Amino acid sequence: MKVFVARQAIFNRKKQVVAYELLFRDGKQNCFPNIADDAATARLIMDNQLNLGTRYLTSGKKALINIGEESLNQELAHFLPSSDVILELLETIPPTKDNYERVRSLFHNNYRLALDDFNYSKDWEPFLKLVRLIKFDLVESPLDTIGPLVEQLKTRKNLKLLAEKVETEEEFVEAKKMGFTFFQGYFFAKPTMISQQDIEINYAIVMLIYAEVLKPNMNLGRISELFAQDTALAYKLLRLINSGVFPIKNRIESLKQALVYLGNERVLKFVNLIMTAHVATNKPTELTRLSIVRSRFCELIAQQIAPGIAGMSFLAGLFSLLDAILDKPMELLVGRLPFPEMIHDALLGKSNTLYYILNVVRAYESGSWWALQEACAMLNMEDESLPDFHASAVTWADMYRDHVY
């Protein structure tokens, strides 16, 4: 049986990813979605930490790992490197004297500790001297109900606050004002503003170019055709060639010639520059990265169940967060994308195979394991391959990032 591992980004006040929370289950036999049990924690340690390590799952960033009471009793955390993890003590752990001694032992072994879904009582006072992070679930503990407690906790030295399940930009801004340092949730993946002004076509063209440069075998002919569809982009490409950065021996007579002259690596970097400047402005880089992971994840699923639509599945995954990237409703965006109807329908939430593939990927990302089983059933597929597909997609995205930067 494989261990299913999803990861959710933890952001700082600048919307930069600083860590990931790892969510793990035993696939079909999991019975408690969104609550990590101790058996799953043990399986994660055995199958991941003692194999490739948690840093493989988090691309080198800190990992928040849930620890339940039984895991605490069995001292499972001691199998994890203290430098790589933050131990998230679940709210199901009672603040008893015995548990305090176990937590204190972890503290003195240099583990960083967090309290999950915190609800204050006097029994937690001794623990507050040991933990460095407290998480508030904004669904269970809305911001307007925890103000006094937050003010009290802010006075404690070396204690940081994390707002979990932040769903809107407004919640993010308010939590920042209240003094929260870290944030977790899907606020970054939702539009922060709906504009009535029509979208410029170059955004869609840029995303299409982006999709092309991500392919293993870059097709410069196809990329040049896309550049030709937007005068501003074509101008920027030729300006780059003529900027004096590169010595030119022959006159550039076509966009394709310009791309060939640059070479694949420089084309990758140039397109990434365009993405940063014109598409993902003021957006977390994690959102763009998640799009890349999604595209490969979707493609791998399609290769297993419907190879004929693998290419469209890649594009559906890549563009599935376009509304969040551009702060526009998806309904407005898809009409500008020269895609087959099947991709359009999937992005708009209409039922077809691509839509069901996206549902599988979204459920896996969020750690919603019951939803994952339902999504897999719609495709009549087994879920055993999904952990390998996800790991492969993350690795592929990391290779792309490292190559570009």
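Modeller: A residue counts as buried under 20% relative accessible area, as exposed over 50%, and as partly exposed in between (1.4 Å probe, protein chains only). By that criterion Glu 21 is buried, its relative accessible area being 3%. This is a predicted model, in which local features need pLDDT of at least 70 and side-chain atom pairs count only at pLDDT 80 or more, whereas totals for chains, interfaces and linings use all residues. Residues are numbered from 1 along each chain as its sequence is written, and side-chain values use heavy atoms, with hydrogens and water left out.

Colleague: In which strand is Glu 21, and which side chain does a polar contact join to that of Glu 21?

Modeller: Strands (E, at least two residues) and helices (H or I, at least four) are DSSP runs, numbered from the N terminus. Glu 21 belongs to strand 2, residues 17–25. A polar contact is a pair of N or O atoms within 3.5 Å; within protein, one must be able to donate a hydrogen and the other to accept it, and residues adjacent in sequence count only if both atoms are side-chain atoms. Here the partner is Gln 184, at 2.6 Å from side chain to side chain. Contact in general means heavy atoms within 4.5 Å. Leaving aside residues up to four places away in sequence, Glu 21 touches several others, among them Arg 7, Glu 88, Lys 135 and Glu 164.

Colleague: How many helices and strands does the chain have, and what share of its residues count as buried?

Modeller: There are 19 helices and 8 strands. Of the 405 residues, 54% count as buried. Among contacts with a separation of 6 or more, 64% come from residues 24 or more positions apart.

Colleague: How many aromatic pairs does the structure hold?

Modeller: Rings of Phe, Tyr and Trp (its six-membered ring) pair if their centres lie within 6.5 Å; planes under 30 degrees apart count as stacked, over 60 as edge-to-face and the rest as tilted. The structure holds 10 such pairs. Phe 118 and Tyr 120 pair edge-to-face, at 6.3 Å centre to centre with 65° between the planes. Phe 118 is buried at 3% relative accessible area, whereas Tyr 120 is partly exposed at 33%. Another edge-to-face pair is Phe 172 with Phe 183, at 4.8 Å and 75°. This pair links helix 7 (residues 169–178) to strand 8 (residues 182–184), its members being 11 residues apart. Phe 172 is buried at 3%, and Phe 183 is buried at 0%.

Colleague: How many disulfides are there?

Modeller: A disulfide is a covalent bond between the sulfur atoms of two cysteines. The criterion is a pair of cysteine sulfur atoms within 2.5 Å, and the structure holds 0 disulfides. Cys 298 is buried at 1% relative accessible area, and Cys 376 is buried at 1%.
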